[in-house]
Amino acid sequence: MEYVPAEYSGSVRKTLLHYPVGSESMFTGRIRFIFAGFIFKIALDISYATFLTNAFEDHFLTPFPVNFDIIQYAESFIWLLIILATVPFSSRSAGGLAFFSALVFLYIPVATIFGMDDERSRYTLFLSTLAIMSAYLVDALNFGRRVKIPIPLRGERTLLALSLLFVALFLLNAAVSGALFSMNFNIDNVYEFRSELGAKINVGLFAYTNLWAQKVFTPLIFAIGLRRKSFWLICFALAMHAIYFGVTQHRSHLFSPILVFAAFILYRSNFSYAKGFAVFSVALCSATVVILVFKLDALGALIIRRALFVGASAAYSWVEYFSENAKVFFADNLLAPFVSNQYTGVNLPRFMGDFMRADREINFNSGLVGSGFAQLGAFGVILYGGILGMIIRVNRRLIESGVPPYIHAAILFFPFRIAWADADIFSALLSHGLIVGTFAIWLFGTSKYQSA
């Protein structure tokens, strides 16, 4: 199927995405996207009201009470409509992936929490809107001279070799440190082992290479294995994700292969994110029913609370705290040698963990909304959103130049999720693979030489 290049009117692209020739109209596609987004929010609302509040109403970190007000609930849909009516929704655009990730893992859960609890301030929802719109405008605006990016020709083999090298470095480090022989596969005990095993393997440069192997290169091996129909690459990647969970105790490694496989299935068809919302809605409602009927609270904590609502709840907590206390001004890290205040040299996630629950040594992370607001208030949210928008823009150019959208989705879906919901933007860029993943997408190249 051929795709029409995005057109420009003045400084803003008219179409905002590549759109299939001969398919439904842009207007019809947008209406479907909005309707499907509303359905997904309703599915989240149902999960919140039937499972989440019963199991975690008074949770010490992320409480989910119900204080229902019909006006505020209706208002939550209006906020959602603003974003659904604006952002790209094609699976053939980098923005489609990035903003779909923002909607699923941050914005719609934030809207659901706001709609189900009238004690929540709309300010966090406003800041979340500001973050997405900032990223969108940086991606959509046409500014400056268009710089050509030479795209490698058939770099898949080189990239696969590089991926295997990073995985080998992880295995070597885990074996030498002893973490490989102390793995835990009991989900109930992850917090007991996480700090202990992390201290063994995340030393020096390995703190970065380990994450790149986990978040970028192993999903890439799985994606290439599916693309080549290689049994050995697929099995190797799945085995590594199991090892990553056993060593790092991060449950996200259990989901990563599912996301890559979903991308492989969906991107081979004429897929839109409206269909993605529909699939997620059915899966979420089905999972909620099974969890309630069979009383599988541990499973619900993993696939509903942790995957969908923790990032949104953390954003509320961070915004609430730093609305009432001094901002950081990057004294925790980037400007620690130059800015002296109560946060100088402090680990902010640990600081917030101690604030939320002083008797436990926990890191309470927040994505770009909470962490950006902590640094510079609303301007920090705009700044962080704009930085992410630049990454989206570069990847859009790479896709336009011939890199398969499927590879982009397989590599960057998880790093985008982390940036929106789980980590400071600079950590997401460097540690969690947004920059390395973008480099990998460029190195994968195209089957026909072009320049962006």
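**Helix α7 and its packing partners**

Trainee: Helices α7 and α17 are roughly parallel to each other (an angle under 35 degrees), but at what angle do they pack?

Mentor: This is a predicted model, in which local features need pLDDT of at least 70, side-chain atom pairs count only at pLDDT 80 or more, and totals for chains, interfaces and linings use all residues. Residues are numbered from 1 along each chain as its sequence is written, and side-chain values use heavy atoms, without hydrogens and water. With helices taken as DSSP runs (H or I, at least four residues) and axes fitted to C-alpha atoms over the stretch in contact, angles running from 0 to 180 degrees between N-to-C directions, the axes of α7 and α17 (residues 434-444) lie 10 Å apart and the helices pack at about 30 degrees.

Trainee: Is α7 roughly parallel or roughly antiparallel to α8?

Mentor: The axes of α7 (residues 206-228) and α8 (residues 231-248) come within 8 Å and cross at roughly 155 degrees. That angle falls in the class over 145 degrees, which makes α7, relative to α8, roughly antiparallel.

Trainee: Which residue of α7 marks its bend?

Mentor: The bend is the angle between axes fitted to the seven residues ending at a position and the seven starting there. In α7 the value is about 40 degrees, and the residue is A213.

Trainee: How many residues of α7 are buried?

Mentor: Buried means under 20% relative accessible area, with a 1.4 Å probe and protein chains only. The rest of the structure largely encloses α7, because the buried count among its 23 residues is 18.

Conventions. Helix = DSSP H or I, 4+ residues; strand = E, 2+ residues; numbered from the N terminus. Parallel < 35°, antiparallel > 145°, perpendicular 65-115°, else oblique. Buried < 20%, exposed > 50% of the residue type's maximum accessible area, 1.4 Å probe, protein only.
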